[in-house]
Amino acid sequence: MEQSILNGLIAYNTEGCYPWHMPGHKKRLYTVFPDLVENPFLIDATEVGNLDEFHHPEGIIKKAFERAAQIYGSHKSYYLVNGSTSGILAAISAVCNPGDSLILARNCHKSVYNAVRLLKLKPIYVMPEWNDTYDMFAGVSPDAVKRVLKEHSEAKAVILVSPTYEGIVSDVEKIAKLAHKSGIPLIVDAAHGAHFEYMANANETISTTNYKKIPAPAIRLGADIVIESLHKTLPAMTQCAILHENSSMISRERLEEFLSVYQSTSPSYVFMATMETCIEKMDYERDGLFIIYKELLGEYRKRFGRLAHIHLVDETDFKKQGVAGYDDGKLVFSVKNCGLQEEDRIVSMNGVMLADILAREYGQVMEMAGGSYVTAMTSVADSKEAFEALYQAMETIDNQLTNIEDTTDTILYKILPEKRMDIAAAKESKQIPIFLSKAAGRISGEYIYIYPPGIPIVTPGEVFSKEFLDDIQKSLEHGLNVKGVAADENGDYKVAVIKENKWLPRRKKRNR
(Lines give C-alpha, C1' and ligand atoms only; values in the text may rest on other atoms or scores of the structure.)
Protein backbone atom coordinates (compact mmCIF):
# COMPACT_ATOMS: atom_id res chain seq x y z
CA MET A 1 0.00 0.00 0.00
CA GLU A 2 1.30 3.45 -0.94
CA GLN A 3 2.68 5.43 1.99
CA SER A 4 0.32 8.25 2.96
CA ILE A 5 -1.41 9.51 6.10
CA LEU A 6 -4.77 8.24 4.88
CA ASN A 7 -3.42 4.80 4.02
CA GLY A 8 -1.66 4.66 7.36
CA LEU A 9 -4.95 5.33 9.15
CA ILE A 10 -6.78 2.78 7.04
CA ALA A 11 -4.10 0.18 7.78
CA TYR A 12 -4.29 0.87 11.53
CA ASN A 13 -8.08 0.60 11.51
CA THR A 14 -7.96 -2.75 9.71
CA GLU A 15 -5.42 -4.35 12.05
CA GLY A 16 -8.12 -5.30 14.53
CA CYS A 17 -6.43 -3.53 17.45
CA TYR A 18 -8.41 -2.04 20.31
CA PRO A 19 -7.52 1.55 21.28
CA TRP A 20 -6.82 1.99 24.99
CA HIS A 21 -5.70 5.46 24.03
CA MET A 22 -7.16 8.82 23.16
CA PRO A 23 -9.40 10.03 21.58
CA GLY A 24 -12.14 9.03 23.98
CA HIS A 25 -14.73 8.14 21.33
CA LYS A 26 -12.75 4.92 20.72
CA LYS A 27 -13.88 4.93 17.08
CA ARG A 28 -17.46 4.39 18.27
CA LEU A 29 -18.74 7.93 17.83
CA TYR A 30 -21.93 6.86 16.09
CA THR A 31 -22.66 4.34 18.84
CA VAL A 32 -22.49 7.12 21.41
CA PHE A 33 -24.07 9.76 19.16
CA PRO A 34 -26.42 7.89 16.78
CA ASP A 35 -28.01 11.13 15.56
CA LEU A 36 -24.74 12.85 14.62
CA VAL A 37 -24.33 13.82 10.97
CA GLU A 38 -22.66 11.00 9.06
CA ASN A 39 -20.72 13.08 6.54
CA PRO A 40 -18.48 15.68 8.28
CA PHE A 41 -17.94 17.52 5.00
CA LEU A 42 -21.57 18.66 5.16
CA ILE A 43 -20.87 20.70 8.28
CA ASP A 44 -17.37 21.89 7.36
CA ALA A 45 -18.15 25.58 6.87
CA THR A 46 -16.67 28.97 7.66
CA GLU A 47 -17.87 32.13 9.41
CA VAL A 48 -20.63 33.18 7.00
CA GLY A 49 -24.29 34.11 7.28
CA ASN A 50 -25.73 33.26 10.69
CA LEU A 51 -22.88 30.95 11.68
CA ASP A 52 -21.41 33.57 14.06
CA GLU A 53 -17.74 34.48 14.64
CA PHE A 54 -15.50 32.33 16.81
CA HIS A 55 -13.38 35.15 18.28
CA HIS A 56 -16.27 37.63 18.63
CA PRO A 57 -19.29 35.39 19.21
CA GLU A 58 -22.75 36.95 19.38
CA GLY A 59 -24.97 34.15 18.09
CA ILE A 60 -24.92 30.34 18.06
CA ILE A 61 -21.29 30.08 19.22
CA LYS A 62 -21.92 32.44 22.12
CA LYS A 63 -24.92 30.36 23.17
CA ALA A 64 -22.80 27.19 23.04
CA PHE A 65 -20.15 28.82 25.25
CA GLU A 66 -22.85 29.92 27.72
CA ARG A 67 -24.38 26.45 27.95
CA ALA A 68 -20.94 24.95 28.56
CA ALA A 69 -20.27 27.46 31.37
CA GLN A 70 -23.59 26.57 32.97
CA ILE A 71 -22.82 22.84 32.86
CA TYR A 72 -19.25 23.17 34.16
CA GLY A 73 -19.99 25.84 36.76
CA SER A 74 -17.62 28.46 35.36
CA HIS A 75 -18.09 32.17 34.82
CA LYS A 76 -17.14 31.75 31.17
CA SER A 77 -16.11 28.77 29.05
CA TYR A 78 -14.40 28.88 25.67
CA TYR A 79 -14.08 26.16 23.04
CA LEU A 80 -10.49 25.45 22.00
CA VAL A 81 -10.15 24.28 18.41
CA ASN A 82 -6.34 24.16 18.67
CA GLY A 83 -6.31 21.76 21.62
CA SER A 84 -5.38 22.32 25.27
CA THR A 85 -2.00 23.68 24.19
CA SER A 86 -3.62 26.88 22.88
CA GLY A 87 -5.53 27.28 26.14
CA ILE A 88 -2.42 26.86 28.27
CA LEU A 89 -0.49 29.38 26.17
CA ALA A 90 -3.37 31.88 26.35
CA ALA A 91 -3.87 31.43 30.10
CA ILE A 92 -0.22 32.04 30.95
CA SER A 93 0.01 34.98 28.55
CA ALA A 94 -3.09 36.51 30.15
CA VAL A 95 -1.59 36.54 33.66
CA CYS A 96 2.12 37.11 32.92
CA ASN A 97 4.03 39.86 31.16
CA PRO A 98 7.37 39.16 29.46
CA GLY A 99 10.10 38.58 32.04
CA ASP A 100 7.73 37.76 34.92
CA SER A 101 8.21 34.88 37.33
CA LEU A 102 5.88 31.87 37.16
CA ILE A 103 5.56 29.09 39.73
CA LEU A 104 5.06 25.79 37.93
CA ALA A 105 5.04 22.14 38.84
CA ARG A 106 8.02 20.45 37.23
CA ASN A 107 5.75 17.79 35.71
CA CYS A 108 3.83 20.31 33.60
CA HIS A 109 3.22 19.65 29.92
CA LYS A 110 5.76 20.97 27.41
CA SER A 111 3.26 23.65 26.29
CA VAL A 112 3.85 25.36 29.66
CA TYR A 113 7.58 25.39 28.94
CA ASN A 114 6.90 26.80 25.49
CA ALA A 115 5.03 29.68 27.14
CA VAL A 116 8.01 30.21 29.45
CA ARG A 117 10.25 30.44 26.42
CA LEU A 118 8.00 32.71 24.35
CA LEU A 119 7.46 35.18 27.19
CA LYS A 120 11.01 34.82 28.55
CA LEU A 121 9.55 34.00 31.95
CA LYS A 122 11.55 33.04 35.02
CA PRO A 123 10.31 29.56 36.01
CA ILE A 124 10.17 28.72 39.71
CA TYR A 125 9.76 24.97 40.01
CA VAL A 126 7.73 23.02 42.53
CA MET A 127 8.77 19.37 42.54
CA PRO A 128 5.86 16.94 42.88
CA GLU A 129 6.37 14.05 45.26
CA TRP A 130 8.12 11.08 43.63
CA ASN A 131 6.95 7.49 44.10
CA ASP A 132 9.98 5.19 44.04
CA THR A 133 7.85 2.05 44.17
CA TYR A 134 6.17 2.68 40.82
CA ASP A 135 8.59 5.20 39.24
CA MET A 136 6.13 8.03 38.71
CA PHE A 137 5.21 11.45 40.04
CA ALA A 138 2.67 11.63 42.85
CA GLY A 139 0.93 14.88 43.79
CA VAL A 140 2.05 18.46 44.34
CA SER A 141 2.10 19.08 48.08
CA PRO A 142 0.33 22.25 49.30
CA ASP A 143 3.19 22.66 51.78
CA ALA A 144 5.69 22.74 48.91
CA VAL A 145 3.62 25.40 47.14
CA LYS A 146 3.36 27.38 50.36
CA ARG A 147 7.15 27.40 50.77
CA VAL A 148 7.73 28.57 47.21
CA LEU A 149 5.09 31.28 47.49
CA LYS A 150 6.76 32.56 50.64
CA GLU A 151 10.19 32.64 48.98
CA HIS A 152 8.99 34.20 45.70
CA SER A 153 6.51 36.98 46.32
CA GLU A 154 7.30 38.30 42.84
CA ALA A 155 5.56 35.35 41.12
CA LYS A 156 2.52 36.24 39.02
CA ALA A 157 0.73 32.88 38.99
CA VAL A 158 0.87 29.20 39.90
CA ILE A 159 0.27 26.45 37.35
CA LEU A 160 0.04 22.72 37.95
CA VAL A 161 -1.26 19.61 36.19
CA SER A 162 -4.10 17.70 37.86
CA PRO A 163 -5.01 14.98 37.08
CA THR A 164 -1.72 13.75 35.70
CA TYR A 165 -1.19 11.31 32.85
CA GLU A 166 -1.31 8.54 35.47
CA GLY A 167 -4.47 9.83 37.17
CA ILE A 168 -2.93 11.57 40.20
CA VAL A 169 -5.00 14.46 41.55
CA SER A 170 -3.40 17.15 43.73
CA ASP A 171 -5.19 19.16 46.40
CA VAL A 172 -6.37 21.92 44.07
CA GLU A 173 -8.64 23.46 46.69
CA LYS A 174 -5.84 24.05 49.23
CA ILE A 175 -3.36 25.19 46.58
CA ALA A 176 -5.92 27.65 45.17
CA LYS A 177 -6.43 29.16 48.63
CA LEU A 178 -2.67 29.50 49.10
CA ALA A 179 -2.26 31.22 45.73
CA HIS A 180 -5.16 33.58 46.39
CA LYS A 181 -3.79 34.45 49.83
CA SER A 182 -0.62 35.55 48.02
CA GLY A 183 -2.72 37.58 45.60
CA ILE A 184 -2.09 35.50 42.48
CA PRO A 185 -4.25 33.13 40.38
CA LEU A 186 -4.03 29.37 39.99
CA ILE A 187 -4.08 27.80 36.52
CA VAL A 188 -4.77 24.07 36.32
CA ASP A 189 -3.90 21.94 33.32
CA ALA A 190 -6.71 19.41 33.70
CA ALA A 191 -6.37 18.08 30.16
CA HIS A 192 -7.02 14.56 31.45
CA GLY A 193 -9.96 15.52 33.67
CA ALA A 194 -12.76 16.67 31.34
CA HIS A 195 -14.89 13.70 32.46
CA PHE A 196 -14.79 14.54 36.18
CA GLU A 197 -17.78 16.85 35.83
CA TYR A 198 -20.02 14.08 34.54
CA MET A 199 -19.03 11.39 37.03
CA ALA A 200 -21.49 12.87 39.52
CA ASN A 201 -25.07 11.64 39.08
CA ALA A 202 -27.70 14.15 37.99
CA ASN A 203 -29.24 14.27 41.47
CA GLU A 204 -25.93 14.83 43.28
CA THR A 205 -24.56 18.12 44.49
CA ILE A 206 -21.19 18.85 42.93
CA SER A 207 -18.78 18.46 45.83
CA THR A 208 -15.77 16.42 46.79
CA THR A 209 -17.79 14.30 49.22
CA ASN A 210 -20.37 13.25 46.64
CA TYR A 211 -17.77 12.40 44.03
CA LYS A 212 -16.53 9.51 46.18
CA LYS A 213 -13.52 8.06 44.30
CA ILE A 214 -13.76 10.49 41.37
CA PRO A 215 -12.48 13.93 42.44
CA ALA A 216 -14.32 17.16 41.84
CA PRO A 217 -13.40 19.27 38.79
CA ALA A 218 -10.70 21.88 39.43
CA ILE A 219 -12.95 24.75 38.32
CA ARG A 220 -15.31 23.93 41.20
CA LEU A 221 -12.47 23.91 43.73
CA GLY A 222 -11.30 27.50 43.36
CA ALA A 223 -8.95 27.34 40.37
CA ASP A 224 -9.03 30.54 38.32
CA ILE A 225 -8.45 29.04 34.87
CA VAL A 226 -8.83 25.35 34.00
CA ILE A 227 -8.01 23.78 30.64
CA GLU A 228 -9.52 20.41 29.72
CA SER A 229 -9.08 18.20 26.65
CA LEU A 230 -12.48 16.84 25.69
CA HIS A 231 -10.91 14.42 23.27
CA LYS A 232 -8.78 12.66 25.88
CA THR A 233 -11.48 11.17 28.10
CA LEU A 234 -14.77 12.02 26.39
CA PRO A 235 -16.22 11.08 22.98
CA ALA A 236 -14.87 14.09 21.09
CA MET A 237 -12.57 14.45 18.12
CA THR A 238 -8.83 14.93 18.51
CA GLN A 239 -7.87 18.59 19.12
CA CYS A 240 -11.17 19.46 20.82
CA ALA A 241 -10.68 21.14 24.20
CA ILE A 242 -12.22 23.75 26.48
CA LEU A 243 -11.03 26.52 28.80
CA HIS A 244 -12.97 27.57 31.90
CA GLU A 245 -12.50 30.88 33.68
CA ASN A 246 -13.94 31.64 37.10
CA SER A 247 -11.95 34.45 38.67
CA SER A 248 -11.97 38.09 39.69
CA MET A 249 -8.16 38.16 39.49
CA ILE A 250 -7.89 37.81 35.71
CA SER A 251 -8.69 40.26 32.92
CA ARG A 252 -11.23 38.49 30.72
CA GLU A 253 -10.51 40.94 27.91
CA ARG A 254 -6.81 40.02 28.04
CA LEU A 255 -7.62 36.30 28.18
CA GLU A 256 -9.91 36.55 25.16
CA GLU A 257 -7.28 38.57 23.31
CA PHE A 258 -4.69 35.82 23.76
CA LEU A 259 -7.18 33.09 22.92
CA SER A 260 -7.51 34.82 19.55
CA VAL A 261 -3.71 35.02 19.25
CA TYR A 262 -3.08 31.31 19.80
CA GLN A 263 -6.07 29.94 17.90
CA SER A 264 -6.87 29.79 14.22
CA THR A 265 -8.87 32.54 12.55
CA SER A 266 -10.47 29.73 10.54
CA PRO A 267 -12.02 27.62 13.31
CA SER A 268 -13.30 24.16 12.52
CA TYR A 269 -17.09 24.06 12.69
CA VAL A 270 -16.82 20.27 12.65
CA PHE A 271 -14.88 20.49 15.91
CA MET A 272 -17.27 23.03 17.45
CA ALA A 273 -20.36 21.05 16.51
CA THR A 274 -18.95 17.82 17.95
CA MET A 275 -17.80 19.64 21.12
CA GLU A 276 -21.26 21.08 21.65
CA THR A 277 -22.87 17.69 21.07
CA CYS A 278 -20.37 15.95 23.36
CA ILE A 279 -20.83 18.38 26.27
CA GLU A 280 -24.61 18.39 26.18
CA LYS A 281 -24.91 14.65 25.54
CA MET A 282 -22.53 13.81 28.40
CA ASP A 283 -24.48 16.09 30.76
CA TYR A 284 -27.67 14.24 29.79
CA GLU A 285 -25.97 10.85 30.22
CA ARG A 286 -24.90 11.31 33.87
CA ASP A 287 -27.46 8.69 34.83
CA GLY A 288 -27.02 6.67 31.63
CA LEU A 289 -23.65 6.01 30.06
CA PHE A 290 -21.76 7.22 33.12
CA ILE A 291 -23.58 4.86 35.49
CA ILE A 292 -22.58 1.94 33.23
CA TYR A 293 -19.04 3.30 32.95
CA LYS A 294 -18.59 3.59 36.71
CA GLU A 295 -19.93 0.07 37.22
CA LEU A 296 -17.50 -1.32 34.63
CA LEU A 297 -14.59 0.51 36.25
CA GLY A 298 -15.54 -0.83 39.67
CA GLU A 299 -15.91 -4.41 38.43
CA TYR A 300 -12.72 -4.57 36.39
CA ARG A 301 -10.52 -2.62 38.77
CA LYS A 302 -11.36 -5.31 41.34
CA ARG A 303 -10.51 -8.08 38.88
CA PHE A 304 -7.28 -6.45 37.73
CA GLY A 305 -6.40 -5.91 41.38
CA ARG A 306 -6.39 -9.68 41.95
CA LEU A 307 -3.62 -10.36 39.40
CA ALA A 308 -0.66 -12.07 41.04
CA HIS A 309 2.21 -10.09 39.48
CA ILE A 310 0.97 -7.16 37.41
CA HIS A 311 -0.09 -4.41 39.79
CA LEU A 312 -2.97 -2.03 39.06
CA VAL A 313 -1.94 1.33 40.53
CA ASP A 314 -4.44 2.83 42.95
CA GLU A 315 -4.79 5.91 45.16
CA THR A 316 -3.64 3.87 48.17
CA ASP A 317 -0.21 3.53 46.55
CA PHE A 318 0.45 7.24 47.14
CA LYS A 319 -0.18 7.79 50.84
CA LYS A 320 1.21 11.07 52.20
CA GLN A 321 2.51 12.07 48.76
CA GLY A 322 0.39 15.12 48.04
CA VAL A 323 -2.44 13.09 46.52
CA ALA A 324 -5.98 14.32 47.15
CA GLY A 325 -7.70 11.87 44.81
CA TYR A 326 -7.29 9.47 41.93
CA ASP A 327 -8.89 9.03 38.53
CA ASP A 328 -10.07 5.43 38.38
CA GLY A 329 -10.54 5.86 34.63
CA LYS A 330 -6.76 5.56 34.18
CA LEU A 331 -5.69 1.91 34.27
CA VAL A 332 -2.00 2.03 35.13
CA PHE A 333 -0.40 -1.42 35.17
CA SER A 334 3.00 -1.73 36.83
CA VAL A 335 5.38 -4.61 36.08
CA LYS A 336 8.13 -3.49 38.41
CA ASN A 337 9.74 -6.53 40.10
CA CYS A 338 8.27 -8.79 37.41
CA GLY A 339 10.34 -11.22 35.38
CA LEU A 340 9.53 -13.04 32.14
CA GLN A 341 11.01 -16.40 31.14
CA GLU A 342 12.86 -16.20 27.82
CA GLU A 343 14.49 -19.46 26.72
CA ASP A 344 17.02 -20.27 29.46
CA ARG A 345 16.88 -17.00 31.39
CA ILE A 346 14.52 -14.67 33.19
CA VAL A 347 14.48 -11.07 31.94
CA SER A 348 13.22 -8.07 33.86
CA MET A 349 9.93 -6.78 32.44
CA ASN A 350 9.38 -3.10 31.71
CA GLY A 351 6.56 -0.99 30.36
CA VAL A 352 7.78 -1.03 26.76
CA MET A 353 7.91 -4.84 26.75
CA LEU A 354 4.41 -5.13 28.23
CA ALA A 355 2.95 -2.65 25.72
CA ASP A 356 4.62 -4.51 22.85
CA ILE A 357 3.25 -7.90 23.97
CA LEU A 358 -0.25 -6.48 24.48
CA ALA A 359 -0.30 -4.91 21.00
CA ARG A 360 1.47 -7.65 19.05
CA GLU A 361 -0.12 -10.73 20.60
CA TYR A 362 -3.49 -9.48 21.85
CA GLY A 363 -4.32 -6.38 19.79
CA GLN A 364 -4.57 -4.19 22.91
CA VAL A 365 -2.89 -0.84 22.19
CA MET A 366 -1.92 1.20 25.25
CA GLU A 367 -1.88 4.99 25.52
CA MET A 368 1.68 5.02 26.83
CA ALA A 369 4.53 2.88 28.08
CA GLY A 370 6.67 4.20 30.92
CA GLY A 371 9.82 2.72 32.36
CA SER A 372 8.00 0.16 34.48
CA TYR A 373 4.32 0.59 33.59
CA VAL A 374 1.73 1.08 30.88
CA THR A 375 -1.37 3.26 30.91
CA ALA A 376 -4.71 2.32 29.40
CA MET A 377 -7.07 5.28 29.00
CA THR A 378 -10.74 4.46 29.37
CA SER A 379 -13.93 6.38 28.59
CA VAL A 380 -17.70 5.96 28.44
CA ALA A 381 -17.24 4.60 24.92
CA ASP A 382 -15.48 1.44 26.17
CA SER A 383 -17.77 -1.58 26.24
CA LYS A 384 -17.85 -4.51 28.64
CA GLU A 385 -16.48 -6.69 25.84
CA ALA A 386 -13.48 -4.37 25.51
CA PHE A 387 -12.74 -4.47 29.25
CA GLU A 388 -13.06 -8.25 29.23
CA ALA A 389 -10.63 -8.63 26.32
CA LEU A 390 -8.07 -6.48 28.12
CA TYR A 391 -8.52 -8.49 31.31
CA GLN A 392 -8.06 -11.80 29.49
CA ALA A 393 -4.85 -10.50 27.92
CA MET A 394 -3.50 -9.22 31.24
CA GLU A 395 -4.40 -12.44 33.04
CA THR A 396 -2.64 -14.56 30.42
CA ILE A 397 0.50 -12.44 30.59
CA ASP A 398 0.36 -12.36 34.38
CA ASN A 399 0.41 -16.17 34.48
CA GLN A 400 3.71 -16.13 32.55
CA LEU A 401 5.46 -13.79 34.99
CA THR A 402 7.44 -14.39 38.14
CA ASN A 403 8.55 -12.15 40.98
CA ILE A 404 12.11 -10.82 40.89
CA GLU A 405 13.97 -8.06 42.70
CA ASP A 406 14.38 -5.04 40.46
CA THR A 407 17.39 -3.07 41.67
CA THR A 408 17.20 -0.47 38.89
CA ASP A 409 17.28 3.07 40.24
CA THR A 410 17.57 6.44 38.54
CA ILE A 411 17.62 10.08 39.57
CA LEU A 412 15.52 11.18 36.61
CA TYR A 413 12.68 13.44 37.79
CA LYS A 414 13.78 13.13 41.43
CA ILE A 415 15.97 16.22 41.56
CA LEU A 416 16.35 19.42 39.58
CA PRO A 417 19.45 19.82 37.41
CA GLU A 418 21.63 22.88 38.00
CA LYS A 419 20.39 25.93 36.08
CA ARG A 420 22.90 28.20 34.31
CA MET A 421 20.71 30.04 31.78
CA ASP A 422 17.06 30.94 31.24
CA ILE A 423 15.20 28.76 28.76
CA ALA A 424 14.76 31.54 26.19
CA ALA A 425 18.43 32.58 26.35
CA ALA A 426 19.57 28.97 25.94
CA LYS A 427 17.27 28.36 22.96
CA GLU A 428 18.57 31.50 21.26
CA SER A 429 22.25 30.66 21.85
CA LYS A 430 24.56 28.93 19.40
CA GLN A 431 24.39 25.15 19.85
CA ILE A 432 26.54 22.23 18.80
CA PRO A 433 25.89 18.46 18.89
CA ILE A 434 28.20 16.36 21.06
CA PHE A 435 28.22 12.73 22.12
CA LEU A 436 26.00 11.90 25.08
CA SER A 437 29.01 10.37 26.82
CA LYS A 438 30.92 13.68 26.57
CA ALA A 439 28.15 16.03 27.69
CA ALA A 440 28.76 16.01 31.46
CA GLY A 441 29.09 19.56 32.75
CA ARG A 442 27.75 21.11 29.54
CA ILE A 443 24.60 23.22 29.26
CA SER A 444 21.69 21.69 27.38
CA GLY A 445 20.36 23.55 24.38
CA GLU A 446 17.23 21.39 24.07
CA TYR A 447 14.54 19.72 26.14
CA ILE A 448 15.30 16.13 27.05
CA TYR A 449 12.13 14.21 27.87
CA ILE A 450 10.44 10.84 27.53
CA TYR A 451 7.34 10.96 25.34
CA PRO A 452 4.66 10.41 26.32
CA PRO A 453 3.98 12.25 28.58
CA GLY A 454 6.58 14.88 27.62
CA ILE A 455 7.78 16.03 31.07
CA PRO A 456 11.27 17.58 30.80
CA ILE A 457 14.13 15.71 32.44
CA VAL A 458 16.47 18.54 31.47
CA THR A 459 15.40 21.91 30.07
CA PRO A 460 17.44 24.29 27.91
CA GLY A 461 19.85 26.17 30.16
CA GLU A 462 20.28 23.32 32.66
CA VAL A 463 23.50 21.39 33.15
CA PHE A 464 23.99 17.74 32.25
CA SER A 465 25.37 15.80 35.19
CA LYS A 466 27.06 12.44 34.68
CA GLU A 467 24.29 10.78 36.71
CA PHE A 468 21.58 12.25 34.47
CA LEU A 469 23.43 11.19 31.34
CA ASP A 470 23.83 7.63 32.66
CA ASP A 471 20.10 7.42 33.37
CA ILE A 472 19.19 8.84 29.95
CA GLN A 473 21.42 6.17 28.40
CA LYS A 474 19.59 3.47 30.40
CA SER A 475 16.23 4.82 29.23
CA LEU A 476 17.39 4.61 25.62
CA GLU A 477 18.62 1.05 26.12
CA HIS A 478 15.22 0.08 27.58
CA GLY A 479 13.52 1.28 24.41
CA LEU A 480 11.86 4.38 25.85
CA ASN A 481 11.01 7.19 23.44
CA VAL A 482 13.56 9.78 24.59
CA LYS A 483 13.23 13.10 22.78
CA GLY A 484 16.04 15.62 22.43
CA VAL A 485 18.60 12.86 21.83
CA ALA A 486 19.55 11.92 18.27
CA ALA A 487 21.49 8.95 16.92
CA ASP A 488 24.11 9.56 14.24
CA GLU A 489 24.86 7.25 11.28
CA ASN A 490 26.88 4.98 13.57
CA GLY A 491 24.12 4.69 16.14
CA ASP A 492 25.93 6.88 18.70
CA TYR A 493 23.71 9.24 20.65
CA LYS A 494 24.24 12.99 20.61
CA VAL A 495 22.70 15.96 22.39
CA ALA A 496 22.73 19.70 21.66
CA VAL A 497 24.74 21.87 24.06
CA ILE A 498 25.55 25.56 24.25
CA LYS A 499 28.67 26.28 22.23
CA GLU A 500 30.06 29.40 23.92
CA ASN A 501 33.11 28.71 26.07
CA LYS A 502 32.07 31.38 28.57
CA TRP A 503 29.44 28.96 29.90
CA LEU A 504 31.98 26.22 30.52
CA PRO A 505 33.69 25.76 33.91
CA ARG A 506 36.84 27.85 34.05
CA ARG A 507 40.13 26.00 34.29
CA LYS A 508 42.46 26.96 37.07
CA LYS A 509 45.66 28.70 35.94
CA ARG A 510 48.81 26.73 36.45
CA ASN A 511 51.60 28.21 38.55
CA ARG A 512 54.69 28.78 36.50
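Author: Happy to! Let us begin with a term: a strand is a DSSP run of type E with at least two residues, and strands are numbered from the N terminus. Please keep in mind that this model is predicted.

Reader: Which strand holds N131?

Author: A run of two residues is enough to count as a strand. Residues 130–131 form such a run, and N131 belongs to it, so the name to note is β5.

Reader: Is N131 buried or exposed?

Author: A residue counts as buried when its relative accessible area is under 20%. For N131 the relative accessible area is 3%, so this residue is buried.

Reader: Which residues is N131 in contact with, leaving aside its neighbours within four places in sequence?

Author: Here contact means heavy atoms within 4.5 Å. With those sequence neighbours set aside, the contacts of N131 are M136, D317, F318 and Q321.

Reader: What radius of gyration does the protein have, and what would a compact globule have?

Author: The comparison starts from the chain length of 512 residues. A compact globule of that length would be near 24 Å, and the value for the protein agrees with this because it is 23 Å.

Reader: How many helices and strands does the protein have?

Author: Beyond β5, where N131 lies, we can count across the whole protein. The totals are 15 helices and 26 strands.

Note on methods: Residues numbered from 1 in each chain as written. Predicted model: local features only at pLDDT ≥ 70, side-chain atom pairs only at ≥ 80, totals over all residues. Heavy atoms only, no water. Helix = DSSP H or I, 4+ residues; strand = E, 2+ residues; numbered from the N terminus. Rg over C-alpha atoms; globule rule 2.2 N^0.38 Å. Buried < 20%, exposed > 50% of the residue type's maximum accessible area, 1.4 Å probe, protein only.
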